[in-house]
Amino acid sequence: MKTQAQIRAAFWAAHPEHEARARQRGTRSKGQNAQTCDCRSAFCDFVESLARDGEISAAPARLRKIILHYYGEPQPKNL
């Protein structure tokens with residue numbers, strides 16, 4: 001897999017339960033903020049496993065770009 005679109009397609013194929021919910025909600029083609037927390041967490045785990053298995057480049061900039069595209073910038077916690 002070389003593109004973000006290929007990674008997202010592989011994620012939906014590997015997680016039909018999330019795809020079905022996203023289709024039902026009308027959010028499958030929308031960004032990370034439209035997805036459920038469960039779906040976003042599963043996507044992050046999926047991308048990390050692809051990098052660990054060598055299926056995608058684990059270069060920090062590339063992996064960060066993919067995750068940020070789906071999840072957005074981390075927000076600071078107010079303590």
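## Overall architecture

From the N terminus on, the elements of the chain follow the order α-α-α-α.

The chain has 79 residues, of which 30% count as buried. Its accessible surface comes to about 5,300 Å², and carbon and sulfur atoms account for 51% of that area. Among contacts between residues at least 6 apart in sequence, 56% join residues at least 24 apart.

## The nonpolar core

The largest nonpolar core holds 14 residues, and the members that touch the most other members are Ile-7, Phe-11, Val-47 and Ile-56. Helix 1 and helix 3 each supply at least two residues of this core. The largest share, 8 residues, comes from helix 3. In soluble globular proteins, nonpolar side chains tend to be buried together.

## Helix 3

Helix 3 spans residues 37-52. Its buried residues are Cys-39, Ala-42, Phe-43, Cys-44, Phe-46, Val-47, Leu-50 and Ala-51. An α-helix has 3.6 residues a turn, so residues three or four places apart point the same way.

The length of helix 3 agrees with expectation, because at 1.5 Å a residue its 16 residues should span 22 Å, and its end C-alpha atoms are 23 Å apart. After helix 3 comes Gly-54, whose phi is positive, near 80 degrees.

## Aromatic pairs

The structure contains 3 aromatic pairs. In one of them, the ring centres of Phe-11 and Phe-46 are 5.6 Å apart and the planes stand at 65 degrees, so this pair is edge-to-face; the cut-off for that class is over 60 degrees. The pair links distant parts of the chain, since Phe-11 lies in helix 1 (residues 4-14) and Phe-46 in helix 3, 35 residues apart. Both Phe-11 and Phe-46 are buried.

Ring pairs also join Phe-11, Trp-12, Phe-43 and Phe-46 into a cluster.

His-18 is found in helix 2 (residues 16-25). With a relative accessible area of 9%, His-18 is classed as buried, because this value falls under the 20% cut-off.

Not counting residues up to four places away in sequence, His-18 touches Phe-11, Trp-12, Asp-38, Cys-39 and Ala-42.

## Confidence of the prediction

The chain averages a pLDDT of 80, and 77% of the residues score at least 70. Confidence is highest in helix 2, at a mean of 93, and lowest in helix 4 (residues 60-71), at a mean of 65. Where pLDDT is low, the predicted coordinates should not be read in detail.

How values were computed: Residues are numbered from 1 along each chain as its sequence is written. Side-chain values use heavy atoms; hydrogens and water are left out. Helices (H or I, at least four residues) and strands (E, at least two) are DSSP runs, numbered from the N terminus. Buried means under 20% relative accessible area, exposed over 50%, partly exposed in between (1.4 Å probe, protein chains only). Contact means heavy atoms within 4.5 Å. Rings of Phe, Tyr and Trp (its six-membered ring) pair if their centres lie within 6.5 Å; planes under 30 degrees apart count as stacked, over 60 as edge-to-face and the rest as tilted. Accessible areas come from the Shrake-Rupley method with a 1.4 Å probe; for residues, only the protein chains shown count as cover. A nonpolar core is a set of buried Ala, Val, Leu, Ile, Met, Phe, Trp, Tyr and Cys residues joined through side-chain atoms within 4.5 Å. The expected span of a helix is 1.5 Å times one less than its number of residues. pLDDT is the predictor's confidence in each residue, from 0 to 100.
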